[in-house]
Amino acid sequence: MIQQIVKDVLKPKVIEIDHGLYTTEVLEKLGKAGAFRHHIASQNNGTVDVFGSIQDMATVSRECMTTGFMMWAQDVCTWYIENSENDWLKQEILPKMVDGDCFGATALSNPMKYFAGIEELKLSAEEVEDGYIINGTLPWVSNLLEKSDKHYFGSIFHVHDSEGNTKDVMALIPCDLDGLTMKQMVEFAGMEGSGTYSLLFDNAFLPKKYLLADPIKPYLEKIKAGFILLQTGMAVGVIQGSIDEMRKADMTLHEINEYLDDRPDELEEELEEAIELIQALAEEPFTPGVDYMKQVLEARLLGAEFCKRSADAVMQHCGAKGYIVDAPAQRKQREAYFVIIVTPSIKHLRKEIARLEA
């Protein structure tokens, strides 16, 4: 069913998406086909199948990684709710998000950098009796729609209480929240159709019914591996899509392309080995301990570095035709580099791995 949706619904829209079309049509159909259900035990007969979600994301990313990225945003947002202790969110929002009737995003790029000692946390809030008054700005959050009552994102902010204490909490935030302004400030070279906005909070009041975690540390430890492993679906898909384009180029350029490094058969063999590693790690996403988390980070790093190789290889295999406007090869290159820089980026991953090793 996922492959059929890609062929019939997504493929005809890929060029428009690449030029900035944000649409939830594909996400809706993917939800109805069960793409967001695998890793959510409460919606999947008690089974946590993270690898199933990775596979569906890879199938979509093979054709369009912008849409694969939005799938990841949806997947991790459902992951946040599922692993919280908030029964209201689990009853009222989670089933709709899993079914593709509402849409989820993650605003954890800045918080992840904050916890890694790279940035300061950009949102702060005052805790009042029935909620939080939030202020601050987030530069880029994706899979959103301005003033939509069907779009939500998970975020983390400093909280100051009446006694002068400070803590970090995480909550789900609706896009139609009063005091929240959403603006599309820039145009991106790739991933432009991902519904990406800058967010400005000006005394925005968020009711406590949207709370995901307080205290936050044990909750983050629980969701972290799944968050990172799910990103490998984008990597696997765009690498396979690059291999597809290399094989198409070989139909006319095989005799000269055989002198290149990173030939498609070689890359595909390595990709199969990487998928086996990812599948093994995804079997137990709640495994405690430093050793497991280090393996997860290394698998994600492998995906990013593999994307860099495939991006270089697909352009070399296609030659000048890869530079034609809307050529699949240069789209694959731009998509692959997004895996390299999206949080956690290669440099962020290497920093975290070094910290764990120390």
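Me: Leaving aside neighbours within four places in sequence, which residues is Glu-305 in contact with?
Reply: Ile-346 and Arg-350. Contact here means heavy atoms within 4.5 Å. This is a predicted model, where local features need pLDDT of at least 70, side-chain atom pairs count only at pLDDT 80 or more, and totals for chains, interfaces and linings use all residues. Residues are numbered from 1 along each chain as its sequence is written, and side-chain values use heavy atoms, with hydrogens and water left out.

Me: Where is Glu-305 found?
Reply: In helix H12. Helices (H or I, at least four residues) and strands (E, at least two) are DSSP runs, numbered from the N terminus.

Me: Is Glu-305 buried, partly exposed or exposed?
Reply: Partly exposed, because its relative accessibility is 29%. The cut-offs: buried is under 20% relative accessible area, exposed is over 50%, partly exposed is in between (1.4 Å probe, protein chains only).

Me: How far apart are Glu-305 and Ala-235?
Reply: 9.5 Å in space, C-alpha to C-alpha, and 70 residues in sequence.

Me: Back to H12. At what angle do H12 and H13 pack?
Reply: About 160°, with the axes 8 Å apart. H12 covers residues 290-318 and H13 covers 328-341. Axes are lines fitted to C-alpha atoms, for helices over the stretch in contact, and angles run from 0 to 180 degrees between N-to-C directions.

Me: Roughly parallel or antiparallel, then?
Reply: Roughly antiparallel, given that angle. Under 35 degrees counts as roughly parallel, over 145 as roughly antiparallel, 65 to 115 as roughly perpendicular, and the rest as oblique.

Me: Left-handed or right-handed crossing for H12 and H13?
Reply: Left-handed. That term applies if the near helix is turned anticlockwise from the far one by less than a right angle; clockwise gives right-handed.

Me: Which residues make the contact?
Reply: From H12, they include Arg-300, Ala-304, Cys-307 and Lys-308. From H13, they include Gln-333, Ala-336, Tyr-337 and Ile-340. By class, the H12 contact with H13 has 11 nonpolar, 2 polar and 3 charged residues. Ala, Val, Leu, Ile, Met, Phe, Trp, Tyr, Cys and Pro count as nonpolar, Asp, Glu, Lys and Arg as charged, and the others, Gly among them, as polar.

Me: What about H5 and H9, at what angle do they pack?
Reply: About 160°, with axes 10 Å apart. H5 and H9 are roughly antiparallel, and their crossing is right-handed. Trp-72, Trp-79 and Tyr-80 are among the H5 residues that meet H9, where Tyr-219 and Phe-227 are among the partners.

Me: Cysteines now. How many disulfides does the structure hold?
Reply: 0. A disulfide is a pair of cysteine sulfur atoms within 2.5 Å. For Cys-307, the nearest cysteine sulfur is that of Cys-64, 14 Å away.

Me: Why does Cys-307 count as buried?
Reply: Because its relative accessibility is 0%.

Me: What is phi at Asn-203?
Reply: Near 50°, a positive value in a residue other than glycine. Asn-203 lies in strand E7 (residues 197-207) and counts as exposed at 51% relative accessibility.
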